[in-house]
Amino acid sequence: MGAFLYGVALQWKLDIRSKTLLITCYIVPLLFFIIMGGIFTSVMPESRAALIQSMTVFGVTMGALIGLPPSLVEIYSSDIKKVYKANGVPLILGLALTNISAYIHLFLMSIILYLAAPLAFHAEIPENPGMYFISLAVFIAVSLSIASIIGLAVKDQAKTSMFSIIIFIPSTMLSGIMFPIELLPKAFETIGKLFPASWGYKLMTEDIFKFENLLTFLLFFVFAVVMCHILLRRIEN
Amino acid sequence: MNEAIKISNLSKSYGTHIVLNGLDFSVQQGEIFALLGVNGAGKTTSLECIEGLRKYDSGNITINGIMGIQLQSASLPKYIKALEAVKLFAKWNKTSLDRATLDALGIYELSKKPYYQLSTGQKRRLHLALALTRNPDILFLDEPTAGLDVEGQISLHEQIRQLKAIGKTIILASHDMAEVENLCDRIAILSGGRVAYIGTVDQLSQTIGKHYNITIQTETGTEKYETENIGDSLLSLLMQYRERGKTITDIQIDRGSLEQHFIKVAKGE
């Protein structure tokens, strides 16, 4: 247990030293919040009702899909995985540590948005904060699990960025955070539902817990866990 | 002496490409043993099979003792610092590395720099320290001095000798023949996935025979000759130069290096 906790703390520090994660988990989401928050609330004052949720969905999706995979590629497409094997450490540890660390970073970024949005743009605080944070916790976990598939499946950093962006753009554009999802053509609305971001936005903007929303996340998560298991086995062999 | 490692009939293929084809050898406790071979001879594959990093198709590997593996560079996260890595490895292995070893390897000097800023030599020292965190009986060193300057090589060789002196068994893969001649008690040369030669460096020289390289320098240039009979060849060459009216300004004679012998065995000549 001591080794695991030290590993988590170390990974947390390494992520802070890594500019990639700092940029994708903090700088870009917060810049996006400052610029788009200003624009949204000026053009559409009613957007204040869901500003925290929309900015958080963008930040979490970006931090997970673009921030996490490079850390996984660094471990699993290099000799670092041999270090695990040579020391009798299960390969899954790298995946667990990077995910836990990224989870903490994304949660922190989300808290910053939660506190800053009302001050900066008079954004409305969710009616049920407890419900909001549970939804956020579920959304971050599922987003990271999907990002883990990219990090384990792709073997070089350039391709990782390409795949991450290919998934990130439709995730955010079709999630409803930029414009109401009902205004989109039906096909785009359907495509949007293939990504956790649209469900995350829905989950966090609704103040009541719906099993239907949670079931979708459970399906995403189970799919990601199965895929990660298969990919780890492939790497191990 | 007891066997630290025994390899019997080890085979490994990648698809239709046979890399190890019934490999047999053993390493005695407390010796420095080198695995040599041209690129593609199966050195790295056999080492990784022994270390447990790679699965093999058939055969037996018996290990008597705890293994410590010095991996090559680029096997740690970019931003990790030396002491953090040592602490992490120690926690994984539920051990601690004594200050004297860390001092001897100069790990404290590296404590402020992230891994990617370390020089090749500093990375090698760190990887050796990490391999030692398990307090191993058997130490695997893969190209331990590759990329090091002369001073770094001498220092690392001294550390390897000290490890042997305290009873560690050391297995190294190397391309550096001078290093092998200097350090190793025995060597195995791999060729075509099998052991082409196993024994001491001196035995190898005796097996292949004596070889001499003669370099003769004249006012017009330098010429090189190879011979197995130094007496007759040298006399004959001197007479030839005299007959041709060439003035010899310098003569050098050497017995050739293990590298030349090694290449002959590895190529199956």
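Let me start with the contact between the two chains in this predicted model, where chain A contributes 19 residues and chain B contributes 21 residues. On the side of chain A that touches chain B, two helices each supply at least two residues, namely α1, residues 2-17, and α4, residues 80-86. The largest share of that side comes from α1(A), with seven residues. If you sort the side of chain A that touches chain B by class, you find eight nonpolar, six polar and five charged residues.

Now to the helix packing inside chain A, where I will begin with helix α3, residues 51-76, and helix α6, residues 129-153, whose axes lie 8 Å apart and which pack at an angle of about 35 degrees. The crossing of α3(A) and α6(A) is right-handed. On the α3(A) side the contributing residues include A:Thr56, A:Val60, A:Ala64, A:Leu68 and A:Tyr76, while among those from α6(A) are A:Leu136, A:Phe139, A:Ile140, A:Leu144 and A:Gly151. What classes of residue make up the contact of α3(A) with α6(A)? They divide into 15 nonpolar and six polar, with no charged residues.

The other partner of α3(A) that I want to show is helix α5 of chain A, residues 92-121, and here the axes come within 9 Å and cross at roughly 155 degrees. That angle makes α3(A) roughly antiparallel to α5(A). The crossing of α3(A) past α5(A) is right-handed, and the contact has 17 nonpolar and nine polar residues, again with no charged residues.

Let me turn to chain B, where three strands form an open, antiparallel sheet in the order β11-β10-β12. Why is one side of β11(B) and of β12(B) left without a neighbour in the sheet? Both strands, β11 at residues 222-227 and β12 at residues 248-254, stand at the edges and each has a single partner strand, so one side of each remains without a neighbour in the sheet. From one strand to the next, the twist averages 15 degrees.

Looking at one pairing in detail, strand β10 of chain B, residues 212-218, is joined to β12(B) by six bridges, and the two run antiparallel. As one example you can find in the structure, B:Ile214 has B:Ile253 in β12(B) as its bridge partner. Finally, helix α8 of chain B, residues 230-243, lies across β10, β11 and β12 of chain B, and α8(B) runs at about 15 degrees to β10(B).

Note on methods: Residues are numbered from 1 along each chain as its sequence is written. Chains are lettered from A and ligands numbered from 1 in the order in which they are written. This is a predicted model: local features need pLDDT of at least 70, side-chain atom pairs count only at pLDDT 80 or more; totals for chains, interfaces and linings use all residues. Two residues are in contact if their C-beta atoms, placed from the backbone, lie within 7 Å. Helices (H or I, at least four residues) and strands (E, at least two) are DSSP runs, numbered from the N terminus. Ala, Val, Leu, Ile, Met, Phe, Trp, Tyr, Cys and Pro count as nonpolar, Asp, Glu, Lys and Arg as charged, and the others, Gly among them, as polar. Axes are lines fitted to C-alpha atoms, for helices over the stretch in contact, and angles run from 0 to 180 degrees between N-to-C directions. A crossing is left-handed if the near helix is turned anticlockwise from the far one by less than a right angle, and right-handed if clockwise. Two strands pair if DSSP finds at least two bridges between them. Angles under 35 degrees count as roughly parallel, over 145 as roughly antiparallel, 65 to 115 as roughly perpendicular and the rest as oblique.
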